Amino acid sequence: WDYDTQWGADRSRSGKGPRSYGHLEFENTEVLLEVHAEYNVPACFAVVGSAALPGERPYHDREQVARIHAAGHEVGSHSFRHEWLPKLTRPELLETLRSSRHALEDCIGAEVTSFVPPFNQPYDYPAGWSFSRSERQEVKGFRTDLGILCQALAETGYRFCRVAHRSLLQRTKEWVVGRRIDQPSELQDIHGIQCARLNTPGGFSSQTRLLLEENLDSGGLWVVYGHPHSILEDGPQSIHHLRELLRLVADWRKAGRIQCVLPRQLTELSRG
């Protein structure tokens, strides 16, 4: 779950200016904690670090962040104030990573080692033949690409990152067939950070459920994500779709066909 709060709404890159969904992040998370407990499926909540500081909604709720951790979910970092990372200088990048991690660890009393970039960017990763025209056009001079981000994550004590880059070869194949091509993935080591690539469309709709079902016996990782503020909307992240997915996951897990693994557990397995 990308737990943006009003910090994320203020920095919306939709082209329509700041938005006002921040209060929904907190209200809907209360619902999510109940639903995840009902199906006994853990999740990782990637939290904007400033939300864990003392203060009022829609920017802060230190107690809720602590409850997420107490309920058995992982608390990861989503930067300090939902910054768009490609434009940050190296000192600014290190500052948001450190500040977010320190605020979250102080709140939950446990180590924070996982990171989810706001807006799923940077996409630009030349070593993986992934190139972002928009990032390159918008940011002149120093630009944080995925390699630089992972170096900074390793320097500031993180071990895991969710990434969204897609290689030029994959984009070409998708252009030819006219649709996304998603397959089970494996962890990728980028400068000492274990990275799991987004390989499902956002949300929990039938498209996502079918991808999982068709590949249950293939092995590999699937990364599924959404935003708490979106679960009451009529779309792929709706609570209806979420309940259906969690019900299937619970059934598949009972049958021994799937495991639910948190990012911190993935990094522990890779280190072991």
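Predicted model: local features only at pLDDT ≥ 70, side-chain atom pairs only at ≥ 80, totals over all residues.
Tyr3 and Phe26 form an aromatic pair. Their ring centres are 5.9 Å apart, and the planes stand at 90 degrees, which makes the pair edge-to-face. Tyr3 belongs to strand S1 (residues 2-3) and Phe26 to helix H2 (residues 22-39), so the pair ties together parts that are 23 residues apart in sequence.

How many aromatic pairs does the structure hold? There are five.

## Trp7 and Tyr59

Another of the aromatic pairs joins Trp7 and Tyr59. The pair is edge-to-face, with 4.7 Å from centre to centre and 65 degrees between the planes. The angle is over 60 degrees, the cut-off for edge-to-face.

The pair links distant parts of the chain, 52 residues apart. Trp7 lies in helix H1 (residues 5-10), while Tyr59 lies in the loop between strand S2 (44-47) and helix H3 (62-70). Tyr59 counts as partly exposed, at 26% relative accessibility. The cut-off for buried is under 20%.

Helix H6 covers residues 146-155, and seven of its ten residues are buried, so the helix is largely enclosed by the rest of the structure. The buried residues are Leu146, Gly147, Ile148, Leu149, Cys150, Ala152 and Leu153.

## How H4 crosses H6

Two packed helices are described by the angle between their axes and the distance between the axes. For H4 and H6, the axes come within 10 Å and cross at roughly 50 degrees. The two helices are therefore oblique to each other. The crossing of H4 and H6 is right-handed.

On the H4 side, the residues in contact are Arg90, Leu93, Leu94, Leu97 and Arg98. They meet Ile148, Leu149, Ala152, Leu153 and Glu155 of H6. Sorted by class, this contact has seven nonpolar and three charged residues, with no polar ones.

## How H8 packs with H9

Helix H8 (residues 206-214) packs with helix H9 (residues 239-254) at an angle of about 10 degrees, and their axes are 10 Å apart. Are H8 and H9 roughly parallel or roughly antiparallel? An angle under 35 degrees counts as roughly parallel. H8 and H9 are therefore roughly parallel to each other. Their crossing is right-handed.

H8 contributes Arg209, Leu212 and Glu213 to the contact. H9 contributes His241, Glu244, Leu245, Leu248 and Trp252. By class, the contact of H8 with H9 has four nonpolar residues, one polar residue and three charged residues.

## Two buried serines in loops

Ser230 sits in the loop between H8 and H9. Ser230 counts as buried, at 10% relative accessibility. Leaving aside neighbours within four places in sequence, Ser230 is in contact with Asn28, Gln237 and Ser238.

Ser132 is placed in the loop between S4 and helix H5 (133-138). Ser132 is buried, with a relative accessible area of 5%. Which residues does Ser132 touch, leaving aside its neighbours within four places in sequence? Its contacts are Tyr123 and Asp124. Gln121 is eleven residues from Ser132 along the chain, and the C-alpha atoms of these two residues are separated by 9.5 Å.

## Arg264 in helix H10

Arg264 is found in helix H10 (residues 263-271). At 30% relative accessibility, Arg264 counts as partly exposed. Leaving aside neighbours within four places in sequence, Arg264 is in contact with Gly72, His73, Glu74, Thr113 and Ser114.

How far apart are Arg264 and Ala66, in sequence and in space? They are 198 residues apart in sequence, and 17 Å apart in space from C-alpha to C-alpha.

Technical notes. Residues numbered from 1 in each chain as written. Heavy atoms only, no water. Axes fitted to C-alpha atoms, helices over the stretch in contact; angles between N-to-C directions. Helix = DSSP H or I, 4+ residues; strand = E, 2+ residues; numbered from the N terminus. Parallel < 35°, antiparallel > 145°, perpendicular 65-115°, else oblique. Left-handed = near helix turned anticlockwise from the far one by under 90°. Contact = heavy atoms within 4.5 Å. Nonpolar A, V, L, I, M, F, W, Y, C, P; charged D, E, K, R; others polar. Phe/Tyr/Trp six-rings, centres within 6.5 Å; stacked < 30°, edge-to-face > 60°. Buried < 20%, exposed > 50% of the residue type's maximum accessible area, 1.4 Å probe, protein only.
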